[in-house]
Structure formats: structure tokens, C-alpha cells
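I opened the notebook today to look up a few features of one chain. I wanted the sheet, the core and one site from a record.

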Amino acid sequence: MATDRNGLQTRIERMCMERGLKMTGQRRVIARVLSEAHDHPDVEELYRRASALDGRISVATVYRTVRLLEENGILERRDFGGGRARYEATEEGDHYHLIDVESGQVVEFTHAAHAELLRQITASLGFELVSHRLELFARRLPDVAQEQTDHTVQTEQKGGSRP
């Protein structure tokens with residue numbers, strides 16, 4: 001059984017098993033790499049990280065595994081520009097992405113008031129909001145330090161609706 005650093009089964013592996021997917025050793029390594037990712041890696045980056053753990057993993061195996069996980073609702077494909085698909089584990093709750101158009105950095109954040117506004121808008125139009133996605137493409141202001149942005153994101157995450 002693949003485990004995280006605390007000796008527990010990884011979240012992605014649990015999701016695979018819940019959906020009845022066969023967990024080969026190589027899939028377990030890829031699931032571990034994805035579960036430990038704090039960024040949104042593309043397939044090439046996943047391959048680099050997985051092959052560092054198990055040299056027998058081929059890039060074709062990573063592509064097949066990513067496609068399988070995406071088809072089963074375990075991974076979500078993201079297009080943040082730059083001509084390459086990037087991936088993250090499917091999450092419950094609302095969260096958004098701010099993409100720095102100059103560096104390519106992706107900042108995840110939540111904003112409870114935004115999510116509530118979207119629910120109100122859809123209800124006023126006679127619908128129930130099922131899901132939504134927000135990707136903001138921006139350029140860092142010259143007078144805003146990275147530390148200030150990091151603090152803002154952490155503050156919003158604490159008050160947001162993401163688990």
C-alpha cells in the first residue's frame with residue numbers, strides 16, 4: 001500500500017481504490033507524487049518526480065495514468081496558459097486560481113463572499129449552482145511584496161470554504 005510521509009495511504013490512492021481502479025506499483029508512485037504536489041505539475045514534471053522515485057516508470061505510463069485519473073474524476077486538468085496542461089487532485093469546496101502572467105506562478109485562494117454571490121446570482125436566474133471555476137490572470141503590482149501576497153492568500157484560505 002502506498003503511503004504518505006506519515007505512513008498513511010495517499011488521498012489519491014484512496015480515491016482510486018474507491019472507484020475500483022487497479023493500483024499497480026507505478027500507479028502508486030504517481031499517486032504519491034500527485035498527492036504530495038503543492039503546485040500544479042504538468043505530465044513532464046510528474047514524470048521527472050515519479051521517475052526519481054522509481055526509475056522503471058516511463059513517460060508513457062505517466063500519460064496513461066494521468067488520463068485514467070482524469071477520466072475517473074480523480075484529477076482535474078487545468079490550462080493556465082503556456083501551452084501545457086497542468087493537473088491537480090479533484091477537490092471538494094470552492095477554490096480559485098490566480099495566475100501570474102509573467103512568472104507562471106499559480107496562487108490558490110478562496111473567497112467565501114465570491115462563492116455566495118455566485119450562488120445568489122444563479123438562484124435569481126432560477127438555477128442551483130452545481131460547480132464553478134475562476135481563474136484570474138494578473139500581473140504583480142510593483143509595490144506589493146511576495147510576503148504580502150502570501151499573507152493575503154493564507155488569510156483568505158482560513159476564512160474560505162475550501163476544506
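The entries below go through what I looked up.

**Ground rules.** I am working with a predicted model, in which local features need pLDDT of at least 70 and side-chain atom pairs count only at pLDDT 80 or more, while totals for chains, interfaces and linings use all residues. Residues are numbered from 1 along each chain as its sequence is written, and side-chain values use heavy atoms, with hydrogens and water left out.

**Entry 1, the sheet.** I took helices (H or I, at least four residues) and strands (E, at least two) as DSSP runs, numbered from the N terminus. Two strands pair if DSSP finds at least two bridges between them. I found an open sheet of three strands in the order β4-β3-β5, with mixed pairing. β4 (106-109) and β5 (135-138) are the edges with a single partner strand each, so one side of each has no neighbour in the sheet. On average, neighbouring strands here are turned by 20 degrees against each other, direction ignored.

**Entry 2, the pairs.** I looked at β3 (residues 96-100) and β5, which run parallel and are joined by four bridges. In that pair, H97 stands opposite E135. β3 and β4 are antiparallel, also over four bridges, and Y96 has F109 as its bridge partner in β4. These two strands form a hairpin with five residues between them, and G104 in the turn has a positive phi of about 85 degrees.

Which residues point which way from β4? V106 and E108 point one way, V107 and F109 the other, and all are buried (under 20% relative accessible area; exposed is over 50%, partly exposed in between; 1.4 Å probe, protein chains only).

I looked up the largest nonpolar core, which has 22 residues, with I12 and L69 having the most contacts inside it. Such a core is a set of buried Ala, Val, Leu, Ile, Met, Phe, Trp, Tyr and Cys residues joined through side-chain atoms within 4.5 Å. α2 gives the most, with five residues. I12 touches, among others, A31, L34 and L69, residues up to four places away in sequence not being counted (contact: heavy atoms within 4.5 Å).

I found H132 in the loop between α5 (112-124) and β5. H132 counts as partly exposed because its relative accessibility is 23%.

How values were computed: Axes are lines fitted to C-alpha atoms, for helices over the stretch in contact, and angles run from 0 to 180 degrees between N-to-C directions.
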